[in-house]
Amino acid sequence: MGPMSLWEALLLGVVEGLTEFLPVSSTGHLTLLFHLLGLPIQEDPFLKTFLIAIQLGAILAILLLYGRRFAVDRALWLRIGMAFLPTAAMGFLLYPLIKGEILGNDGIVVFFLFSVGLVLLLADRLAERARYGDVLELPLARVALIGVFQGLAALFPGTSRSGATILGGLLLGLRRKAAAEFSFLLALPTMLAAVGYDLLKSAPAVPQGGWILLGVGFLAALVTALLTVRWMLSFVERHGFRPFAYYRMALALVYAYFFLR
């Protein structure tokens, strides 16, 4: 089948769907899983493309869950656009660096898994005094800053796209559920642009059998993301983001112990 087996593609898709919308870094988990499976992500361009492309399944999950709100809420479109612009500019300008040098770098993954966990602890405490219960209440300048947070996440694997947008939302005054939901909604244009651009660049180099592997990963990510998003909103309302912060830091220590020695 090529660079990986079907069951490995399925497992990676499940992990993508489970972690993409949690503030725990899907890229960090997938990079760790590539290591455990013995797949050379640093050396194989297709594996890097696979890591990016299976996010399409998670994107479709958000469209299925929030498509009705997208269709009727024009004010939401404006805020998503405001946050997307800085992310798009940063991602387009720095794509070669991200794909060529940063993606799959173990030291970067460990550092940002741990450090973002620490900051998330602080931001979760601030959320107890948050002013805004919906992103539509948030001033546009603050919405654009959330896009900057998301753009920084694209630079550094281990940061977590959802973690960065949630962190930005909390620090800028959004309540916990509102920060999580805006992170989900902002994912649609952001991930669609990133995945589409990568596939346009990488499609000619996909090996024989590669599209089947991408399809399996896509479907696995879609199903698990649908379940995870609903669960997360309920969990965050009851427990906040502290459990995710502690989990990130613990995972960083385990990752460092096994792969940075």
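This report describes helix packing, salt bridges and a nonpolar surface patch in a predicted model.

## Basis of the model

Because the model is predicted, local features need pLDDT of at least 70 and side-chain atom pairs count only at pLDDT 80 or more, while totals for chains, interfaces and linings use all residues. Residues are numbered from 1 along each chain as its sequence is written, and side-chain values use heavy atoms, with hydrogens and water left out.

Helices here are DSSP runs (H or I, at least four residues), numbered from the N terminus. Between α1 and α2 the axes, which are lines fitted to C-alpha atoms over the stretch in contact, come within 9 Å and cross at roughly 155°, with angles running from 0 to 180 degrees between N-to-C directions. The two helices are therefore roughly antiparallel, a label for angles over 145 degrees, whereas angles under 35 degrees count as roughly parallel. α1 passes α2 in a right-handed crossing, the near helix being turned clockwise from the far one by less than a right angle, and anticlockwise for a left-handed crossing. In contact (heavy atoms within 4.5 Å) are W7, E8, L11, L12, V15, E16 and T19 of α1 with S26, H29, L30, L33, F34 and L37 of α2.

Helix α2 (residues 26–37) also packs with helix α11 (residues 242–259), their axes coming within 12 Å and crossing at roughly 30°, so α2 is roughly parallel to α11. This crossing of α2 and α11 is left-handed, and G28, H29, T31, L32, H35 and L36 in α2 meet Y247, L251, Y255 and F259 in α11.

## Packing of α3 with α10

Helix α3 (residues 45–53) and helix α10 (residues 210–239) have axes 10 Å apart at an angle of about 30°, which means that α3 is roughly parallel to α10. The crossing of α3 and α10 is right-handed, and the contacts join F46, F50 and A53 in α3 to G210, L213, L214 and G217 in α10.

## Salt bridges

With a salt bridge taken as a side-chain nitrogen of Lys or Arg within 4 Å of a carboxyl oxygen of Asp or Glu, the count comes to 7. One of them links the side chains of E20 and R161 at 3.7 Å, N to O. Because E20 lies in the loop between α1 (6–19) and α2, and R161 in helix α8 (residues 161–171), this pair ties together parts that are 141 residues apart in sequence.

## Nonpolar surface patch

L118, V119, L122, L126 and L171 make a nonpolar surface patch of about 390 Å², where patch residues have over 30% relative accessible area and no salt bridge, and nonpolar side chains (Val, Leu, Ile, Met, Phe, Trp, Tyr) are joined within 5 Å. Accessible areas come from the Shrake-Rupley method with a 1.4 Å probe, and for residues only the protein chains shown count as cover. Helix α6 (residues 106–126) gives the most to this patch, with 4 residues, and L122 is placed in helix α6.

Key
Patches are made of residues with over 30% relative accessible area and no salt bridge: like charges are joined within 9 Å, nonpolar side chains (Val, Leu, Ile, Met, Phe, Trp, Tyr) within 5 Å. Angles under 35 degrees count as roughly parallel, over 145 as roughly antiparallel, 65 to 115 as roughly perpendicular and the rest as oblique.
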